[in-house]
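The following exercises are to be worked with the sequence and the model at hand. Each task is followed by a solution in steps.

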Amino acid sequence: MHVRTLTGHLAVAALLSLPPLSGEAVAAGSPPDAVNSPAAARVLTYDASGSAEFRSAVDRGAAIWNESVEGAELRPAAAGQRANIRVLADDGWPRALTTSLGSGTVWIGRQAVDEGYDTVRISSHELGHILGLPDRKPGPCSSLMSGSSAGTACTNPYPDAAEKAEVESNFGEAAGSPAVAVPEPVLVED
C-alpha cells in the first residue's frame, strides 16, 4: 500500500512539473472547466488545527480573502494533506514567517488579543503577509496592512483596493508556478 501511495504521489509530482499544454495556468485540484477560465485561482491550503481558540477567526480571515480576490483561494487542508500555510496560536505578538509566496506560518498571538486587538483583523492581516503584502505603518484603519498602528478600536478585517490589487498582481505573475521563491524566509512581526 505504501508503494502504491508513493508511486501515485510521484506520478502526480511528475505531472505537475510539466508545463501546461494549452499555455494556461491551472491550479492543482481545479475543476476541469477552470482550464477555460482566463485566470484560475491558485489554491492555497491552510492548517489551522494549531490555532486553538482562534480557529473561527482564521476561517473568517481566509473567507474574507476569498471574497476579496480572485487570484488566490484559501481552503482548509484535507486530513493528511500537507498545507501551504500553518496557523498557530501562541502567547506572543502576531507574526508571519513567509517561506515563499503563498506559503509559510502564521502565529495568532494572544498578546495582541489581550491588548484588545480584533482576532479576525489579526488573522486577515497575517494571511495578507502570506499573500505577499508588507506592513504599511502607520496607516489608517481602512488599510488592513496598517496592522496595530490603526489602534485597538479598528476592527476592519478587509483589504483596501490597493491591497487587493497587489495580491491579484502577485498571483497573476505567479500563475502556473508552484511557488515563487523568496530568497530567504521573511519573518514579519507586527
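**Exercise 1: The cavity**

The structure, a predicted model, holds 1 cavity of 30 Å³ or more. Determine the volume of the largest cavity, the residues closest to its centre, and the element that gives the most to its lining.

*Solution.* 
Step 1. The volume of the largest cavity comes to about 120 Å³.
Step 2. Its lining is made up of 13 residues, and those closest to the centre are Tyr117, Ile122, His125, Gly147 and Ser148.
Step 3. With 4 residues, α4 gives the most to the lining of the largest cavity.

**Exercise 2: The disulfide**

*Solution.* 
Step 1. In general terms, a disulfide is a covalent bond between the sulfur atoms of two cysteines.
Step 2. The structure holds 1 disulfide.
Step 3. Buried means under 20% relative accessible area, exposed over 50%, and partly exposed in between.

**Exercise 3: Helix α2**

Describe the span of helix α2 and decide where its buried residues fall around the axis.

*Solution.* 
Step 1. Helix α2 covers residues 55-68, which amounts to 14 residues. From first C-alpha to last, α2 reaches 20 Å, close to the 20 Å expected at 1.5 Å a residue.
Step 2. The buried residues of α2 are Ala57, Val58, Gly61, Ala62, Ile64, Trp65 and Ser68.
Step 3. Viewed down the axis of α2, these buried residues fall within an arc of 155°, so they line one face of the helix.
Step 4. Ser56 and Glu67, on the other side of α2, are exposed.

**Exercise 4: Serine 103**

Is serine 103 buried or exposed, and which residues does it touch beyond four places away in sequence?

*Solution.* 
Step 1. Serine 103 belongs to strand β5 (residues 103-109).
Step 2. The relative accessible area of serine 103 is 12%, so the residue is buried.
Step 3. Leaving aside residues up to four places away in sequence, serine 103 touches Asn84, Leu97, Thr98 and Ile130.

How values were computed
Residues numbered from 1 in each chain as written. Predicted model: local features only at pLDDT ≥ 70, side-chain atom pairs only at ≥ 80, totals over all residues. Heavy atoms only, no water. Helix = DSSP H or I, 4+ residues; strand = E, 2+ residues; numbered from the N terminus. Buried < 20%, exposed > 50% of the residue type's maximum accessible area, 1.4 Å probe, protein only. Contact = heavy atoms within 4.5 Å. Expected span 1.5 Å × (residues − 1). Arc of directions from axis to C-beta. Disulfide = S-S within 2.5 Å. 1 Å grid on protein atoms, 1.4 Å probe; cavity = no way out; pocket = protein on both sides within 12 Å on 5 of 7 lines; lining within 4 Å. Points joined across faces, edges and corners; volume = space filled by probe spheres on them.
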